[in-house]
Amino acid sequence: MSRVLAAVAWPYANGPRHIGHVSGFGVPSDVFSRYMRMAGHDVLMVSGTDEHGTPIQVQADAEGVTPRELVDRYNRVIVEDLHGLGLTYDLFTRTTTGNHYQVVQELFQGLHDNGYIIAKTTLGARSPSTGRTLPDRYIEGTCPICGYDSARGDQCDNCGNQLDPDQLINPRSKINGETPEFVETEHFFLDLPAFADQLNAWLDTREGWRPNVLKFSRNLIADLQPRAITRDLEWGVPIPLDGWRDRDDKRIYVWFDAVIGYLSASIEWARRSGDPEAWRKWWQDPDAEAFYFMGKDNIVFHSVIWPSILLGYSAPKPGSLGALNLPTEVVSSEYLTMEGKKFSSSRRVVIYVRDFLQRYDADALRYFIAVAGPEATDTDFTWSEFRRRNNDELVAGWGNLVNRSISMAAKNFGEIPAAGELTAEDTALLEAVRAGFGSVGDLLAKHRQKAGITEAMRIVGEVNKYFSDQSPWKLKEDKARMGTVLHVALQAVRDCNTLLTPFLPHAAQQIHELLGGTGVHAPMPRIVDVEDLDNGLTYPVLTGDYKDGATWTPEAIVAGTPLSAPTPVFKKLDESIVEEELARLQS
Ligand SMILES: [Zn+2]
């Protein structure tokens with residue numbers, strides 16, 4: 001057994017999340033964590049909502065609410081959505097907690113004490129009418145390199161070059177169209193080039209990473225520049241240095257505070273568990289492993305910037321928390337598109353998790369993401385493919401096997417029948433299913449979930465073939481043999497159900513019960529309203545007790561266990577849903 005940290009990307013709390021978001025970080029990290037727990041590892045899965053930064057401030061201003069009111073709203077929405085998907089976070093919290101502020105300030109201070117934070121004067125854009133700083137992404141103008149007229153202050157989307165806002169020709173505010181003024185402003189920068197050699201040496205030791213992540217990271221390291229970690233903004237974590245601490249116009253940059261969330265959430269989890277030091281087992285034990293899950297647009301933060309923060313805090317002199325472990329692996333997914341287009345809330349190319357779960361089961365989406373999601377290449381979600389996978393694979397392949405084996409045993413025996421002598425075919429099937437614990441498990445441990453579920457469904461196919469070949473419905477005259485075939489089939493169903501549990505936990509619990517099982521087979525998270533440990537505010541967290549549940553081993557069914565006629569576990573989707581959903585997209 002080993003300790004495994006599953007560090008899951010932090011969804012930004014400026015709106016509800018769509019299925020593209022959860023296909024990149026949410027579902028894959030849960031499949032992995034569920035498998036690792038079943039295989040006997042001690043998993044700590046943490047994340048939360050990312051709640052600071054200019055976009056939150058801008059949106060709150062537009063809606064006439066405070067940033068806190070805005071993030072309170074979307075924190076709860078996101079917690080409920082992730083709960084609906086059955087994602088087993090040990091703690092899903094948020095970045096506006098007192099605990100998070102303390103941990104962020106501690107890491108800032110530690111980096112500062114070790115000499116990795118540099119003060120610099122830069123030119124910042126400011127709105128003449130409000131006096132407020134305009135962040136780079138809220139300034140638009142003509143690209144000085146290619147002439148594109150809607151380049152952003154940080155980057156030109158046409159030619160891809162990185163820009164500074166004062167380079168733009170005819171700069172204007174995206175908020176109200178006015179021309180910004182440029183004023184000198186002092187900021188703190190993280191000295192990233194100081195970590196280049198250590199980062200390269202660390203990457204040399206990494207095994208099993210997806211090649212695109214390694215290559216992308218090495219290219220980033222070749223071109224590292226100091227990176228600003230503070231902004232002119234009121235909404236965020238205060239800078240913990242004398243002369244800065246009480247200023248209300250300077251805050252720590254949102255990306256710097258958000259990556260520290262993995263550590264602060266682990267510490268909050270420990271403080272809530274009754275053992276405030278418990279987090280150390282995942283962050284300081286040299287044998288502990290840490291896996292970070294995200295979409296590819298966030299690789300830089302996890303393979304370069306967060307490791308730099310960890311290195312700079314841990315040496316030469318470790319901060320008061322002590323030296324911290326680097327990531328074991330950065331597991332990045334590619335993009336999901338929808339009907340051939342990029343997801344876009346503003347252009348309504350979107351389906352929110354909440355709307356999806358109102359009309360379809362969580363496991364139908366989890367299945368699609370596992371088997372057809374953007375694990376290693378960009379992939380497209382289409383409603384017709386979703387329906388086809390659901391009906392042809394989930395319903396006709398797995399659901400039908402569960403249904404016909406249990407209903408035939410219930411009808412003819414009223415219980416799990418005893419097995420007589422096994423034939424070569426019986427034994428071969430049981431062995432093929434048992435081998436799945438090795439093959440599917442190895443793939444899941446290597447983050448090859450698409451291959452893992454494909455292998456599990458291949459085994460389901462073998463059981464279906466056995467069932468058809470043996471045709472127990474033709475054995476009415478030989479009830480002993482019929483009982484043996486059904487016993488073997490039900491044993492195979494039980495073990496296939498275990499193999500599919502990380503992917504389809506809701507269905508797995510139901511099938512466990514249809515087979516006469518009691519208690520928890522696939523544990524589920526719960527939403528708990530908690531009080532902030534430091535400032536008395538109340539907020540919802542996602543948490544749970546995941547110690548109970550099935551283990552990653554075959555388990556013998558018990559002859560004589562009563563069975564009743566099953567209700568179908570998966571729902572067949574009517575052809576009309578495709579047109580209905582496409583009409584919703586266009587409305
Ligand atoms: Zn350009």
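**Figure 1. Glycine 414 after helix α13 in the predicted model.** Glycine 414 follows helix α13 and has a positive phi, near 70°. The model is a predicted one. Helix α13 itself spans residues 383-412 and contains a kink of about 40°, centred on valine 395. Two tryptophans numbered within this span, Trp383 and Trp398, are listed with the residues that have the most contacts inside the largest nonpolar core.

Figure 2. The zinc ion is coordinated by the SG atoms of Cys143, Cys146, Cys156 and Cys159, at 2.3 to 2.4 Å. Along the chain, these donors follow the spacing C-x2-C-x9-C-x2-C. The arrangement counts as tetrahedral because the angles subtended by the four donor atoms, 104 to 117°, lie between 85 and 135 degrees. Cysteine 143 is buried, with a relative accessible area of 2%, whereas cysteine 146 is partly exposed, at 34% relative accessibility. The structure holds zero disulfides.

Figure 3. The largest nonpolar core comprises 163 residues. Within this core, the residues with the most contacts are Leu263, Trp283, Trp306, Trp383 and Trp398.

**Figure 4. The surroundings of tryptophan 283.** Apart from neighbours within four places in sequence, tryptophan 283 is in contact with Leu5, Tyr262, Leu263, Ser266, Tyr292, Trp306, Leu310, Ala323, Leu324 and Asn325. Among these partners, Leu263 and Trp306 are also named, together with Trp283, as residues with the most contacts inside the largest nonpolar core.

**Figure 5. Serine 266 in helix α8.** Serine 266 lies in helix α8, which covers residues 261-273. Its relative accessibility is 0%, so serine 266 counts as buried. When neighbours within four places in sequence are set aside, the contacts of serine 266 are Leu5, Leu44, Val46, Trp279 and Trp283. Leu5 is in contact both with serine 266 and with tryptophan 283.

Conventions:
Residues numbered from 1 in each chain as written. Predicted model: local features only at pLDDT ≥ 70, side-chain atom pairs only at ≥ 80, totals over all residues. Heavy atoms only, no water. Disulfide = S-S within 2.5 Å. Buried < 20%, exposed > 50% of the residue type's maximum accessible area, 1.4 Å probe, protein only. Donors = N, O, S within 2.8 Å, 3.2 Å for Na, K, Ca; no water. Tetrahedral: all angles 85-135°; square planar, octahedral: opposite > 155°, others 65-115°. Bend = angle between axes of the 7 residues up to and from the residue. Helix = DSSP H or I, 4+ residues; strand = E, 2+ residues; numbered from the N terminus. Core = buried A, V, L, I, M, F, W, Y, C linked by side-chain atoms within 4.5 Å. Contact = heavy atoms within 4.5 Å.
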